[in-house]
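Visitor: Hi, I'd like a quick tour of this protein. Can we start with the picture?

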Amino acid sequence: MDLKQLQYFVVSVDSGSFKKTAELLYTSQPHVSKIIKSLETELQTELLVRKARGVEMTEAGRKVYEHACRILVESGQIYTSSDRRRSRTLRIAAHPSDRLEEMFQEFYIQEKDLDAQYLECDLEGIFQALHRHTAEVGFTYVDQKQMTAFHQTLEYKRLEFTELGKTGPLLFAGPKNPFYRAAFVTGKDLRDLRYVQNEDDQDTLSIQLIPERDDYRYYRRQGKVMQTNSRRLLVKLLRETDLCHIGCGFSPDLSAHDTIRAIPIKGTEESISFGYISRKRDGLSEDGKRFVKHIKKCLAEKAASC
């Protein structure tokens, strides 16, 4: 038995299929199946039941899974502690957020001898980073209408969400947008607009705020949504066309550009939760706890100044 077998087994359980495991571990599905089979042969017991839609743990598999998770975590701690030059580490995965970037920058400058990593990604990327142990904590924001499905996904992946604050969605618009001078907009107003959204918005909260009953794909088919992963292009289109963008108080602060306004969406105040995702079986490191404490302090100071 080796760590590779245990890693393949744990990822297979967490992802629910050999196909997904192969994608996460950058290998082939037959290779994943072969590694799992070798582990089952060595232990002389079936760990996973193969089904048309994925895999499920057997009773023996549940017991092995708990031990495997603990072994992988402890092995990672051994590698970390063996390098004294990097005794303090902080690995973060996060949705793009100007405010979080600023808070991380302040924290990093204050700390000494901290081996830190801050990567921006979509929600799936955060899940992958947590499963691979390349991040200990993932920061995200979730609309209340998505919260039930979000928590179901977390439960399935053995993750948990800790809320740190609430915010509301905003409509970002330039001078050519008909609502540029509006004090606020309503859900009805949003239906007739055209949007430029970030490439991963179909997996996050912002595009869910546009319709009340139509989904993201409907707006794409109607030609009402343009996608881009270029912030420069997004800003340029907002400034020079009637396209608008929906984001929230923790997403990129487009209102920092002098010709772009952030317009409140009536009835959606504090409908978005901001917080962090972590693994249920692991606690945050001391540096992780200090960073969360720093965020809470910054949010409290921001609220007090408003």
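Guide: We'll talk about the nonpolar cores and then the salt bridges. Keep in mind that this is a predicted model.

Visitor: Which residues in the largest nonpolar core touch the most other members?

Guide: They are Ile 92, Leu 100, Phe 139, Leu 164, Phe 274, Phe 291 and Ile 295. The core has 23 residues in total.

Visitor: Which helices and strands each supply at least two residues of this core?

Guide: Two helices do, H5 (98-110) and H11 (286-305). So do strands S3 (89-94), S5 (137-143) and S12 (272-279).

Visitor: And where does the largest share come from?

Guide: From H11, with 5 residues.

Visitor: Let's zoom in. What does Ile 92 touch, leaving out residues up to four places away in sequence?

Guide: Its contacts are Phe 104, Gln 117, Tyr 118, Leu 119, Ala 135, Val 137, Phe 139 and Phe 291.

Visitor: New topic. How many salt bridges does a search of the whole structure find?

Guide: It finds 17.

Visitor: Which residue pairs with Arg 88?

Guide: Asp 287 does, side chain to side chain, at 2.5 Å from N to O. Arg 88 lies in the loop between helix H4 (59-81) and S3, while Asp 287 is in helix H11. So the pair ties together parts that are 199 residues apart in sequence.

Visitor: Is Asp 287 buried or exposed?

Guide: Buried, because its relative accessible area is 5%, and buried means under 20%.

Visitor: What about Asp 98, which residue does its side chain meet?

Guide: Arg 231, in a salt bridge of 3.1 Å, N to O. Asp 98 lies in helix H5 and Arg 231 in helix H10 (residues 231-240), so this pair links parts 133 residues apart in sequence. Asp 98 is buried at 13% relative accessible area. Arg 231 is partly exposed at 38%.

Visitor: Which residues do salt bridges with shared partners join into one network?

Guide: Arg 88, Glu 111, Asp 287 and Arg 290.

Visitor: One last pair. How far is it from N to O between Glu 56 and Lys 51?

Guide: It is 3.2 Å, and their side chains form a salt bridge. Glu 56 is partly exposed, with a relative accessible area of 44%. Lys 51 is partly exposed too, with 47%.

Technical notes:
Residues are numbered from 1 along each chain as its sequence is written. This is a predicted model: local features need pLDDT of at least 70, side-chain atom pairs count only at pLDDT 80 or more; totals for chains, interfaces and linings use all residues. Side-chain values use heavy atoms; hydrogens and water are left out. A nonpolar core is a set of buried Ala, Val, Leu, Ile, Met, Phe, Trp, Tyr and Cys residues joined through side-chain atoms within 4.5 Å. Buried means under 20% relative accessible area, exposed over 50%, partly exposed in between (1.4 Å probe, protein chains only). Helices (H or I, at least four residues) and strands (E, at least two) are DSSP runs, numbered from the N terminus. Contact means heavy atoms within 4.5 Å. A salt bridge is a side-chain nitrogen of Lys or Arg within 4 Å of a carboxyl oxygen of Asp or Glu.
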